[in-house]
Amino acid sequence: MSTRRKAGKCPTGPWRREMGSTGSGPRAPRRGWCRGRSQVQGRARRGGAGQEGAMFVHTRSYEDLTSPEDGAAVARSPEERRGEPAEPTSMEQISKDFSELSTQLTGMALDLEEEMRQSKEGKLEPSPQTTRRDSVLSGKEEEDVTMDAWRMHRKHVFVLSEAGKPVYSRYGSEEALSSTMGVMMALVSFLEAEKNAIRSIHADGYKVVFVRRSPLVLVAVARTRQSEQEIAHELLYIYYQILSLLTWTQLNHIFQQKQNYDLRRLLAGSERITDNLLDLMAHDPSFLMGAVRCLPLAASVRDAVSTSLQQAKAKSLVFSILLSGNQLVSLVRKKDQFLHPIDLHLLFNLISSSSSFREGEAWTPICLPKFNSSGFFHAHISYLEQEMDLCLLLVSTDREDFFTVSDCKRRFQERLRRRGVHHALQEALRTPFYSVAQVGIPDLRHFIYKSKSSGLFTSPEIEAPYVREEEKERLLGLYQYLHSRAHNSSRPLKNIYFTGPRENLLAWVTSAFELYICYSPLGTKAGAISAVNKLMKWIRKEEDRLFILTPQTY
């Protein structure tokens, strides 16, 4: 059994010289992005973002997520409201998945009331046909859980209620795995009866990791190079993904009314979103680093885009976000309102999980669990143009404000054309990643650099010799190994030098930044340190293109 360690405070220290660096490191983007957890609670549904102030919150990877304070914060959420969740207004071509989910959310209170009445009268259990819309709705292919092919997956993820009811399985049918999930819950309950808690099981090359977030239990069975903390970090992302669809208030209210409620009734159709999140975490270092990647863009162009977003505002707007793929182009927020990288990752995942957002303007409820887990915002989601991979996401506190927010998009596009940055954006989108050759270090193959104060990171495109998907996964696995050693709860390391048969790696963790580099196996340790110094100078020179240094507010 392992113990949790408390989350560290948001670093505010200056950049430091270490490892014999002859030049000063790049300055961190302004500390206005680093404010800790938002103090705004319970105001998202009724004008909850009416204050004014800062925007982007920094997370120190999995430490913020696995700390006791995180669970306590959830437990201290405001009392649940008695009103039903608001029904989203459907406009144009909205995804059938989210329309179905919104309809189910709207009818939840009536559904629960009827089920409770039936349960009291005849102790009826809903039939499988009504509790599960099957995986046809999400396109998820069912697998036979008795076959070796199912067992050979490198990572399984299960979500169940405290009553042992299955909620989600990454592979295979939840019904076929109900007995397995019952055994998982029995393990949790057995140790709790002894006033203990199960955190993980290590056996035969597998790690079985448990995360308890009442009223849910999340379990992962993995044979990867990830540490227990990193796997728990991913499980918490799944938990937050569920909260983003239901809110903490509704989730707890459901199970207070009926402990053995089948949550799949409300989540039917959302499996695709959760599947997509797990796929992203398998190959995107954003989740490992607990940070967001920016689209490389000239500072003058980014400033023009941010100013245009700032001017196209409405009273109910809290966040205006422009993104391309899973990269941030610009973000403008109300003063004193904070956006956590986890919330931004969930928004990225929502958009990338459905292509229907390209077909028109969508208006959908969304909970940002790290900002306020008790209520819904309403998000206007649309692409600027069909041929451009630029998605505009406008987050509002007013569910009736669709047309006002839609007009903000129109005014934003007009200002972009007026400022003449449309062509520059198109050029940037043609090369969304830069090559490691631009750094000018011969033996350098790849690197990841994270600014802790801003919650942003940068890395070049993965190139030869990591061309095949297997090689890319192996490289990410090496980064995961270094990250787990650097952030080990019992013995954290600041400097790691790793030599392997196919590459050498170096990790350097300070109070201001984290740096992981991969270079030729023929290189030496002295050469690696020299490369780090050159790389830090290059990042400082290019920082206004790689990061958002001056975040805008309304």
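**Reading sheets and cores in a predicted model**

Me: How many bridges join strand S10 to strand S11, and in which sense do the strands run?

Reply: In this predicted model, strand S10 (residues 377–383) and strand S11 (residues 391–396) run antiparallel and are joined by 6 bridges. Across this pair, His380 stands opposite Leu394 in S11.

Me: What is the strand order of the open sheet of 6 strands?

Reply: The order is S9-S10-S11-S7-S8-S17, and the pairing is mixed. An edge strand pairs on one side only; here the edges are strand S9 (362–366) and strand S17 (552–553). Helix H13 (residues 299–311) lies across S7, S8, S11 and S17, at about 40° to S8.

Me: Which strands form the edges of the open sheet of 5 strands?

Reply: That sheet has the order S2-S1-S5-S4-S3 with antiparallel pairing, and its edge strands are S2 (166–169) and S3 (200–203). On average, neighbouring strands are turned by 15° against each other, direction ignored. S3 pairs with strand S4 (residues 206–213) over 4 bridges, and His202 has Lys207 in S4 as its bridge partner.

Me: Which helix lies across S1, S3, S4 and S5?

Reply: Helix H8 does, running at about 40° to S4.

Me: Which residues have the most contacts inside the largest nonpolar core?

Reply: In this core of 90 residues, they are Leu263, Ile321, Phe447, Leu515 and Leu535. Leaving aside residues up to four places away in sequence, Leu535 touches Val439, Ile441, Leu444, Phe447, Leu515 and Ile517. Another core, of 28 residues, lies apart from the largest one and includes Leu309, Ala312, Leu394 and Tyr554.

Definitions and conventions:
Residues are numbered from 1 along each chain as its sequence is written. This is a predicted model: local features need pLDDT of at least 70, side-chain atom pairs count only at pLDDT 80 or more; totals for chains, interfaces and linings use all residues. Side-chain values use heavy atoms; hydrogens and water are left out. A nonpolar core is a set of buried Ala, Val, Leu, Ile, Met, Phe, Trp, Tyr and Cys residues joined through side-chain atoms within 4.5 Å. Buried means under 20% relative accessible area, exposed over 50%, partly exposed in between (1.4 Å probe, protein chains only). Contact means heavy atoms within 4.5 Å. Two strands pair if DSSP finds at least two bridges between them. Helices (H or I, at least four residues) and strands (E, at least two) are DSSP runs, numbered from the N terminus. Axes are lines fitted to C-alpha atoms, for helices over the stretch in contact, and angles run from 0 to 180 degrees between N-to-C directions.
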